[in-house]
Amino acid sequence: MAPPQDTFQKEEMSVTMADAIPTPSEPRYPVTKRTLSPPARGSPPTEVALKTGQDHKNWRSRSLHRLFSSTEHLNPDAQLEEDARVRDSIQVLRMNDRGGYTVPAEGLYPFQWNWDSAIVSAGWAVFDEERAWAELETLFSDQWADGMVASINFIKFSDTYFPGPEIWGTPEKPSKTSGISQPPVAAMSARFLFEHAENQDLAKAKVEELFPKMLAWHRWWYKARDPEKKGVVAILHPWESGMDNSPAWDEAMKFPIDPELPPYVRRDLTHVNASMRPTKDTYDHYLTLLYKFKKAHFYDPDQLYWISPLRVTDLCVNSILFRANRDLRWLALQLGKEEETTEIEQWLDAGFEGFNMLWDEEAGLYKCQDQITGKLADAGISAAFLPLFAGVASKEQAAKLVENLERWLSKVKYAVPSLNPEDPRFDQLQYWRGPVWLIINWMISNGLRHYGYEELADRIKQDSIELTNKAGLREYFDPLTGDGCGGRQFSWTAAMCLAWLDRPAAIGIGHKLSGPKKQLE
Ligand code: DGY
């Protein structure tokens, strides 16, 4: 596929995609032509246009329009609280807006992150449809020639994050993106935006542009991460799953650390307390993988699968990919793309098969699988419930998942902990080893609703709203106390509040949730 043109200003960079075709002496990834230069010392902080009043007016009138067409009666007190949360959420997205893309959180994550942005676009859609589409367009503006959409787009200079563009690339040729991917949420969001669009012409035009790019990315997943055709894809780096330090790959992460690992300084610990972040040992493993992949001809996808010491079938990526395939198929049908529909249906059929390998009947849970040893992970993680959102679980499996989920929730105050609270490794503060994440709650709650577990779905929604009332729009939350953890004024938490409050039913995934392709919607 031809490299895309840049559509947004890259103030500090003059960029070429010519390097996308590998040659022995040149990196194969998109690079900046010259070294990034930091902004002059003492330069004023970026101006933030707070248009909250206007945004809120837009949201309110549109929302009322939707609510009037529903039969729900509103409680005026709840409405006031809701208004305040909507205002805060809009303000956070505006503050984190860098012009066509939204940083997850000032300082801690100063670039465009892949699944963050795709989720955030659903938040923007509630009050600014054009801006919502722009988020996805920017995400794909740095797509690799082979179809990969990287986990991070280094769009404007920042020195508040490690590992930055000069680590993924070289100091002489800083990379324009990271060299691995992230959960492919984009097609889900594109469908969400399309289905809820008030500006139908805009939506149609945007989806037509985005469709081939999203398709190329899904093809990349199967080519680069499932060359053995298991029907489910591998992650080769924990950052590829988004659930960075999940106990689901504790065993798989026991490969040796590179003895020649260059010294490095973490920046995350200047923003967030170390008790809430991955350990040094874990970071050493992350960087061992990064440098190994870079040495393999700059992240050559044809090599990486075979040489990586970590190869895990991750539930988060696979559930999202499966769900995104359903949504991509739905979009293909709207656009009248028959051949593409057939191709996507083949992925879905293979996915139904592939997911069977991840079902642990005794535990009544889905599990991640170490592809190198073939073992299912011993940890029960919140992503175990995401196959409900994908619509790949059978009714019987759903019932067992619900049984487990109810037991987990009886041990904590707030749903859903990222690790089974009975697991000795459960840590209420540490990132993906216990805390609650709103985006995962949103997906689980929607999955439950579609399998008919309304009450449990409501509890998860109510807990999520209470967490943001109590602790603000934090990155993640302590499931025992409800305290906020990690980054503050976090974009995807704001987006979840907006999408959840504005559209209680969120994304429809059709009433037929499992079974052969003819039942897919
Ligand atoms: C980080 O640096 O914490 C990110 O999750 C990597 O993408």
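Throughout these legends, a contact means heavy atoms within 4.5 Å.

**Figure 1. Overview of the predicted chain.** This is a predicted model, in which local features need pLDDT of at least 70, side-chain atom pairs count only at pLDDT 80 or more, and totals for chains, interfaces and linings use all residues. Residues are numbered from 1 along each chain as its sequence is written, and side-chain values use heavy atoms, with hydrogens and water left out. Of the contacts in the chain with a separation of 6 or more, 74% are accounted for by residues 24 or more positions apart. Buried residues (under 20% relative accessible area, 1.4 Å probe, protein chains only) make up 63% of the 521 residues in the chain.

**Figure 2. Close-up of the largest nonpolar core.** A nonpolar core is a set of buried Ala, Val, Leu, Ile, Met, Phe, Trp, Tyr and Cys residues joined through side-chain atoms within 4.5 Å. Of its 161 residues, Trp-115, Trp-133 and Trp-249 touch the most other members. The largest share of this core, twelve residues, comes from helix 7 (residues 200–225), helices being DSSP runs of H or I with at least four residues, numbered from the N terminus.

**Figure 3. Close-up of Trp-115 and its contacts.** Not counting residues up to four places away in sequence, Trp-115 touches, among others, Gln-182, Pro-183, Cys-316, Trp-432 and Trp-492.

**Figure 4. Close-up of the ligand site.** Residues with a heavy atom within 4 Å count as near the ligand, and those surrounding the ligand include Trp-113, Trp-239, Asp-244 and Tyr-431. A polar side-chain atom of Tyr-161 lies 2.6 Å from an oxygen atom of the ligand, and for Arg-277 the corresponding distance to a ligand oxygen atom is 2.9 Å.

Key:
Buried means under 20% relative accessible area, exposed over 50%, partly exposed in between (1.4 Å probe, protein chains only). Helices (H or I, at least four residues) and strands (E, at least two) are DSSP runs, numbered from the N terminus. A polar contact is a pair of N or O atoms within 3.5 Å; within protein, one must be able to donate a hydrogen and the other to accept it, and residues adjacent in sequence count only if both atoms are side-chain atoms.
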